[in-house]
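Hi,

Here is the structure I promised to send over.

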Amino acid sequence: MAGAAETRLVSRDTSRANAVAAVAVGLAALLFVLALTALFEVVTISDPIGGVPVVALLGGVLLLLGGAVVVFGVGSYLGIVETQPSESAGLVAAAAFSVVWVVIGGSVAAQVLGLGGIGSAVAALLVGGAAFAITAVPREDIGSTVPAGAVSLLTGAAYLTGAIGPAWVWNLNFEQQASLTAEFVIPVGTLFCALLTGWAAAKAYGGFGARGRRMGAYLLIYLNAGSIVGVLFLLLAFTTFKGLPGLFTGAEVGPGVGPAVFGVSLPVSLPFVMNGVALLNDFQGVLPAIAGTIWLVIGAVLFAVPLGVGAAIFLTEYAERGRFTQVVEVATNGLWSTPSIVFGLFGFAFLVPRFGGNKSLISGMLTLGFMLLPLVLITSREAMLAVPDEYRDASAALGVSKWQTIRSVVVPAALPGVVTGVILGVGRIAGETAPILLTMTGGTFVPGGQTADVIGGFEFVSSPPFVANPELLQATTALPFQLYALITAGVGLGDTVSSPEQFQWATAFVLLLVVLSFYAIGIGARYYFRRRLNYE
Amino acid sequence: MSETTQMSSETEDTVETTTETADAVETTTGETDELVREEWREYSFAGPTKLGVEDLDVYYGDDHALDGVSMEIPEKSVTALIGPSGCGKSTFLRCLNRMNDRVSSARIDGSVTLDGEEIYQDGVNLVELRKRVGMVFQSPNPFPKSIRENVAYGPEKHGDINTGLLARLLGRSDEEAREELVERCLRDAALWDEVHDRLDDNALGLSGGQQQRLCIARCLSVDPEVILMDEPASALDPIATAKIEDLIDDLSQEYTVVIVTHNMQQAARISDQTAVFLTGGELVEYGDTDQVFENPRSERVEDYITGKFG
Amino acid sequence: MSETTQMSSETEDTVETTTETADAVETTTGETDELVREEWREYSFAGPTKLGVEDLDVYYGDDHALDGVSMEIPEKSVTALIGPSGCGKSTFLRCLNRMNDRVSSARIDGSVTLDGEEIYQDGVNLVELRKRVGMVFQSPNPFPKSIRENVAYGPEKHGDINTGLLARLLGRSDEEAREELVERCLRDAALWDEVHDRLDDNALGLSGGQQQRLCIARCLSVDPEVILMDEPASALDPIATAKIEDLIDDLSQEYTVVIVTHNMQQAARISDQTAVFLTGGELVEYGDTDQVFENPRSERVEDYITGKFG
Amino acid sequence: MIGTRMLAARNALTRRWRRLSGFVSDQESAAVATVGVMTVALVSALVGFLLVSPLTVVPFAVFIVAAGYGWLSYQGLTARMLTLSMTVSTILILLLITLFIFVEAIPVFVYESATVFGVTVPGLRMFIQPNWDAVSPPIRYSMVPMIHGTVMVTTIATAVAAPLGVSAALFLSEIAPSTVREIVKPGVEILAGIPSIVYGFIGFTILGPWAADQFRTTGQGSYLFVGIIVGLMALPTVVSVAEDALSSVPESMKSGSLAMGTTDWQTMTSITIPAAFSGVSAAVLLGVGRAIGETMAATVMLRGVPQLTKPLYNAFYGQATLTSLIANNYGEADGLQMDALFAAGVILFITVLVISIGSQYIEWRMRRKLGGEN
Amino acid sequence: SSGDGGDSSGGDDSGGSSSSLLTAEGSSTVYPISNKGSSYWNANAPPSDGEYWGSNDESTVPGWDELDTDQNLADYFAGLYGFEPTNQRSDPPYPTTVSLSHSGTGCKAVRDGLVDIGNSSGPITAELGISEEEASEQYVDHVVGRDGQPVVVSSDIYDAGVTQLTGEQIRAIYQDEITNWSEVGGPDQEIFVIGRAEGSGTDTAFRLNMLGDAEASMSGVDSRFGQNQQVAEAVSNNDGAIAYMALAFTSDTVQPIAIDFDGTVYEPDKDAENTIFDSAYPLNRDLHMYTLITEDTPSGTDMREGAFLNMFLTTFGQQVFVEQNNYIPLPTKDIEAESGKLPDQA
Ligand SMILES: Nc1ncnc2c1ncn2[C@@H]1O[C@H](COP(=O)(O)OP(=O)(O)OP(=O)(O)O)[C@@H](O)[C@H]1O
Ligand SMILES: Nc1ncnc2c1ncn2[C@@H]1O[C@H](COP(=O)(O)OP(=O)(O)OP(=O)(O)O)[C@@H](O)[C@H]1O
Ligand SMILES: [Mg+2]
Ligand SMILES: [Mg+2]
Ligand SMILES: O=P([O-])([O-])[O-]
């Protein structure tokens, strides 16, 4: 055992060395953020911060960090710092470092030394092998700090000496030309070094060994989770920020300013969601698209939910578990992962000819219904399987028939699961573009007067099929398609839209809002049901 | 009912299969036990037989869970089934109202009669059977509905009581009948005083003991003749247990009660006769409770009762 | 360690809170019990104390699962914890190696010392603690790996033995040391003879009793000082149970064993001292096993032991 | 051997039949009649719909009426019949989808036949020669560029989604304190909800030009960034399925390890992840499936010219994927070209189906293994 | 003419006075014209509306003297073909809608009877691959304006001095023979060659007029986009880009260049001697709105279509819908010929 020192049950004092490691972790985090801002051009790498060029600043910090990490590792090796390192940093670390160094070695050989293909390959392998050995053979304190610190030192030196400066470009000499530029390489290199040294420093902070590894791993995992949430937040915030001005163009609040609903004028007017696109409008909007999306969802739900829930009932309650249910299970799971564009193709080939030969709202509804169906089936089935058999037994033991049991016990108990599943599924289909592109969408910028009115559209006719609804048989638009149309064809908004860009972002924002509110309702419903069912 | 037909083919060829398998298992048992077994088979009681079991074998797949069990259960008495875990007590109990039909892997051979009528034969109306032979489960399993709905569930589904929206619209609602029924059953289950002011609360909000008594009330609501109870008190605290035990005592005035318990003291306290099952699904001893506990005929039963294993 | 800091604030103000709560609960208990309690508190034994528990309270949310428990556990002996279901035996046991830290809803007040050192304080190295205080669970939980890997798991993770690919590449593999360790632990757990020719088989393929002994061997491999066992035989058949009981007897030569069991006969057979918990998480009686079973000071304990409830 | 098997099959069949007839004879004859009418009406309605008959509505109305009558009179039986027909419909839809896209793709398979060793293999040329040209003769519908594009995008997306997704799943199921989990988990789900066209919009208007500038490429549109975005979209799938797998590892195994004095990280790497390995790989597979099927982001961001990038690993250029080909060309495509789009659909469908079945198989094996069976 | 698209409910659309929705679909080049027309139509502005219809002191509608009516806009034009006026703003005698895709789709849609009017910026013969005779037997070709199809470059290239190319150079660029701007006197930079979707009229016309054959190969294209708008966006967002498109989509960041065809330099300037706005410009093309000849409408154009199409053939229509979109209005004699294809006015 490497950590020969007897481990004490309680160790309360934090040493100064520990503090150094903690500071290194903090520094790495700072560097990480700085690199991100540079990557997204919030700060420009050639501009100075407080008189120091950003590249030099990054280089300096990298040197500092790399140095700190190496010094800590060596200190631990020499016994100056008290740690419990393992015998070796391990295979995974060794493999990872050798990959890193193969890339570095190869790039330097090709770029700086100008060796040819074979020469750089040999150099890369040599450097990689050395990194592997340095990581794997010595004790963990050396193995996990030196290779990481060296990367950081090397990169820092390259930035500081100007070997990689703001004007640096590496033409990759591909047939379709592409280059790596300093704008990209410097922030990304920094980011990478920050990760490596941060990891090494975290390990050092944990005193290497099992605890050190845990520290290092946790740092990366927390960072990853944080980044995912960060990306989400960024996406939402960005879309919101860009979308709000367009959404509120021409908005008014006051008694009677809004359009009349059932004879009563609304006290708010939000032209973007209350108007279509028409010449005489003061402000253009996407009302027909919103209505189209709503009708699509309603249609898909009306089609898929009864079918899916019914099939789920049959499969869980009536069918014997066996080959048949297994096949259906496999089939529905397969259907659920089928790409949406394939559903679109199917709708195009199967449904469109059956509803008058042109794209229509009902084809879109059914296509999305087909997409929703497997999800409804899967979630309903799961919810029903989750209903405890005790309920069924209890009911059966009272001499209640099977269907009565299903109706009065199983379905009510499964309802929360079904509802949640359906809402989440609806959120997904409401944002789908590909299937409706092929089956339903027509006009790009539709006037408010042509908003689909399915209920008002029903009429009876004398010839088969006796009932008709031209609204259902007409092409219409929907939010995701509207956004697609804006990307591919921003024309046609008329002269009354002062900023097409605002209009685009507002459409994206409204689409996001509609879809995410389905998700929010779904997640909320699940939360509510879970609390209600867990009788406190 | 699909379940009925499912049974038909297997019922006939019972007799042959059973004897074979029984022999095979018997080898592990001592000589004395063999004799003992003959002896208790002659256990006789005054009064009529409610349930008769003849050569009952149950298999789960290849697993032999009950091995040629025969016994007769007298009317209006408490019969306790005891034995180590996994010895087939629950399986036996669930055969008495054909709840084991619901386990698709279970195969049942042998005969069970209720008031002399075979329940394992074609054309048995399971709904009717289970109304007559009610069941209370090991862990309380009220429906996630209100207390009132739980108690009235059975009668409503059987159409004895009608309080649906339609019935109310048509003015045929039996609200009053329902209220009476709910009160009577809850009183019988010794729960009325505790819950009468919150009948509309969700039953899952009751304590474990209350839930179990609610399940008993629910079982009483369809007016059964036999009540099967599978370790009804195992999940309960001592006070709730005591209440349930008192209740069982009361119930035996009117109902035939068969109860599985893992608590020998409990069996000794509440039952009139006791059946001891041992691992392998054998019924090893059956007789008056006092006799079984104080003077068991089988050595293995004695070992079990004195805690040498189990 | 994040877990450590979580506890810190609660550790100090233990003394005040406990007394209050204890009083509140005490009212339900009779006068005699109160006196009895004082008496067993003075239970004393020869030899040094291994584990000391002072005023331990555990709450799950609002649920008070352990109520001011204090006891001292002597070194190299078997201490049995008995009591009805849900009385907090497992909770108590899991406090002794801080496995309860994993239950996020659990809140722990009070003090536990191992060889006189407080384990609920800042800076406790949980890894070290759990190495010294090993645990065997109610249902056998071998890892889905080979038997050999199961036994060698702890030492390998602690770096005492190195047999990874890298170690082998670098010629630093401790194959032999591992083989020795595996054999010794399996022998100690009385499993060697049964499995020595199939050490590379998956441990999940063993029978329940073998799995449980494997878990004991696994626990021995890190050379603990204390072994906590939570109903280690409850899932086993009589023969496997007997083997485990013998094993526990052997282990007490070298280790301090604390065992939870629901089987009173078992407790009587194998333990040196017995602690009886009753519902509500109280420790009601603690003393020499013989004394507790034959002559309990508390009436409630007597009721419990004679099976009036539980 | 075959004989006994056939005999067994026949026995099974007769048993079924006897059960069915037993079941039927147990019912009142009026009930049976109602169900019969429902069945016939439903089947005729279906046939009518398939044949594009305007009279479809008549049998459908009969079905509705019969079902209504049955519901009122024989609820249990009718419910059973209805749920059965719903199950059958679901299966039928899957069959129809398969059938239709396959049938539509046949002509192009015939057109693109190639002969190897004297054997004519339909559709082979679509996979062995790399040129797609739907306008200039010789007209060639090669799938090679699109398959290349799909592989590029999927590879990059997987490289993004798999490690990040598994690590996030680990975080959610093993590490995060419950309050953090309550925030991060819905967050990941919401990420799944962002419509792909929104990603595409941001990708096309902001990311595309930015990347073209950074990498000095000739114009915008690269597999690299489509891959990253698609990876982001596949991430939630990976996270939620992997999290399920990780948390289905029994707590007793984890406690067992912790009680030996290992750190929780050691427990994760040595116990939890190996035990959940199949589930985690199924999660990654499902993520791959999502990535393959992703359409709009690719359509909007890619260049839309079906050709191979040069060199093949040049991810700074993005030409077309199977999905974007369909979305870009369905409008003006006609005749054979349309059929070629269906052929792309067939390839997508089969690939994803195989992946889905594969992941289900893996998951099934894992459940069995954790259940103690070997 | 009209198929049953848009109103397959079985509504009576054979009579000219049906008020069902008039549908058009197709070319993104023609789209600005027809969509602007459609939005004016649907707005049905009253004569008092000096901005969109009618004449008043502040603004004068182009060609108002010819019209001089006190009816709403759509009421007036529909009235010419016998439709009842509604006298309601935003409520025309029958509504119209225009879908945006490209010419190939528009031609197919009108062929299959899915829409009333198929917009196309290329000849239907090339789009559907049919002969002239077939085309004239089945379709009526209404030309509503002209496009001097420009070739555009991104502003960095334009600013670097590439403001003129020869036809041969452009062909070479599109056929992958020239790949760097330095070869045509620009900076040393790869050319980002942008094309329109195959099947679009712009693409067909470009192959036809620039490359000499509707099926000519275009191996040099780096990126293809579905619509003109997307092309414009791509050109303004990327450096070193070249593209062909329609006049309506040029702007400061999407600069048309002069093209030298055999010594004649066509300038992107209306006032130049040789201009791309002239019909002599080789890339000049007609913008079509096709209608289908059916049994019900042997003339090919029913009253609804006639009334709508007629609007574009007035001075008002040519100026507002064609010229204001930067397209080239038809000369008077062409207008007369086109008007002759419409049904008689009531
Ligand atoms: N549904 C089932 N499928 C397969 N085997 C079963 C099933 N139910 C019970 N068994 C097996 O049958 C045997 C008897 O089980 P049973 O539940 O009747 O025992 P028990 O005496 O009630 O035990 P306990 O006291 O634990 O409830 C056991 O070996 C059990 O594993
Ligand atoms: N994780 C938990 N969350 C909430 N409550 C818990 C938890 N674990 C135990 N409890 C509660 O704490 C009390 C004591 O439980 P514990 O498991 O310690 O009892 P026990 O004596 O071991 O019972 P058994 O004999 O059934 O194992 C019980 O009321 C139980 O419901
Ligand atoms: Mg049982
Ligand atoms: Mg316990
Ligand atoms: O006019 P197009 O959109 O077909 O080029």
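Ligand 5 has an oxygen atom 2.6 Å from an N or O atom in the side chain of S28(E). Bear in mind that this is a predicted model. An oxygen atom of ligand 5 also sits 2.4 Å from a side-chain N or O atom of S103(E), and with G201(E) the contact goes through the backbone, where an N or O atom is 2.5 Å from a ligand oxygen. How much of ligand 5 does the protein bury? On its own the ligand exposes 200 Å², and 100% of that is buried by the protein.

The shell around ligand 5 has no nonpolar residues, ten polar ones and one charged one. Among its members are S27(E), T29(E), S101(E), H102(E), S121(E), R196(E), S200(E) and T202(E).

Next, ligand 1, over in chain B. It is surrounded by 13 residues, and the closest are S85(B), G86(B), K89(B), S90(B) and T91(B). By class, that shell has four nonpolar, six polar and three charged residues. Which elements supply at least two residues each to it? Those would be β2 (63–74) and α4 (89–96) of chain B, with α4(B) giving the most, three residues.

For the polar contacts of ligand 1, an oxygen atom of the ligand is 2.9 Å from a polar backbone atom of G88(B), and the backbone of K89(B) likewise has a polar atom 2.9 Å from a ligand oxygen. S90(B) uses its side chain instead, with an N or O atom 2.5 Å from an oxygen of ligand 1. Taken alone, ligand 1 exposes 630 Å², of which the protein buries 62%.

One last item in chain B is strand β3, residues 78–82. Five of its five residues are buried, so the strand is largely enclosed by the rest of the structure. Both faces are covered: V78(B), A80(B) and I82(B) are buried on one side, T79(B) and L81(B) on the other.

What does β3(B) pair with? It runs parallel to β8 (residues 256–260) of chain B, joined by four bridges, and L81(B) has V260(B) as its bridge partner there. β3(B) also pairs in the parallel sense with β9 (residues 273–278) of chain B, again over four bridges. In β9(B), T274(B) is the bridge partner of A80(B).

Cheers

Note on methods: Residues are numbered from 1 along each chain as its sequence is written. Chains are lettered from A and ligands numbered from 1 in the order in which they are written. This is a predicted model: local features need pLDDT of at least 70, side-chain atom pairs count only at pLDDT 80 or more; totals for chains, interfaces and linings use all residues. Side-chain values use heavy atoms; hydrogens and water are left out. A residue is near a molecule or strand if one of its heavy atoms lies within 4 Å of it. A polar contact is a pair of N or O atoms within 3.5 Å; within protein, one must be able to donate a hydrogen and the other to accept it, and residues adjacent in sequence count only if both atoms are side-chain atoms. Accessible areas come from the Shrake-Rupley method with a 1.4 Å probe; for residues, only the protein chains shown count as cover. Ala, Val, Leu, Ile, Met, Phe, Trp, Tyr, Cys and Pro count as nonpolar, Asp, Glu, Lys and Arg as charged, and the others, Gly among them, as polar. Buried means under 20% relative accessible area, exposed over 50%, partly exposed in between (1.4 Å probe, protein chains only). Two strands pair if DSSP finds at least two bridges between them.
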